Amino acid sequence: MERVGVVVERVSGVTLSRASVWRLLTGRLGWSLQRPRRQAVERDESEIARWVAKEWPRIKRGR
């Protein structure tokens with residue numbers, strides 16, 4: 001939020017508090033807090049499906 005406040009100050013010359021920046025983003029612009037997914041970009045769904053179908057039963061039998 002600090003970065004947004006800096007941009008607002010540069011563009012308009014108005015200094016906003018963190019709370020004011022938050023109200024601007026959520027109330028007026030309708031933005032919401034978003035968090036990145038905790039999943040690797042390299043994730044290969046087909047390889048995971050193959051592993052679950054072939055390797056996991058073999059490992060599970062070994063118990």
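Modeller: The protein chain has a radius of gyration of 23 Å, whereas a compact globule of 63 residues would have one near 11 Å; the radius is taken over C-alpha atoms, and the globule rule is 2.2 Å times the number of residues to the power 0.38. This is a predicted model, in which local features need pLDDT of at least 70, side-chain atom pairs count only at pLDDT 80 or more, and totals for chains, interfaces and linings use all residues. Residues are numbered from 1 along each chain as its sequence is written, and side-chain values use heavy atoms, with hydrogens and water left out.

Biologist: What does the secondary structure of the protein chain come to?

Modeller: It comes to three helices and zero strands, where helices (H or I, at least four residues) and strands (E, at least two) are DSSP runs numbered from the N terminus.

Biologist: Why are α1 and α2 called roughly perpendicular?

Modeller: The axes of α1 (residues 2–12) and α2 (residues 18–28) cross at roughly 85° and come within 9 Å. Angles of 65 to 115 degrees count as roughly perpendicular, and therefore α1 and α2 are given that name.

Biologist: Which residues of α1 and α2 meet?

Modeller: Glu2, Val4, Gly5 and Val8 in α1 meet Arg18, Val21, Leu24 and Leu25 in α2, contact being heavy atoms within 4.5 Å.

Biologist: How do you know that the span of helix α3 agrees with expectation?

Modeller: At 1.5 Å a residue, the 17 residues of α3 (residues 45–61) should span 24 Å, and its end C-alpha atoms are 24 Å apart, which agrees; the expected span is 1.5 Å times one less than the number of residues.

Technical notes. Axes fitted to C-alpha atoms, helices over the stretch in contact; angles between N-to-C directions. Parallel < 35°, antiparallel > 145°, perpendicular 65-115°, else oblique.
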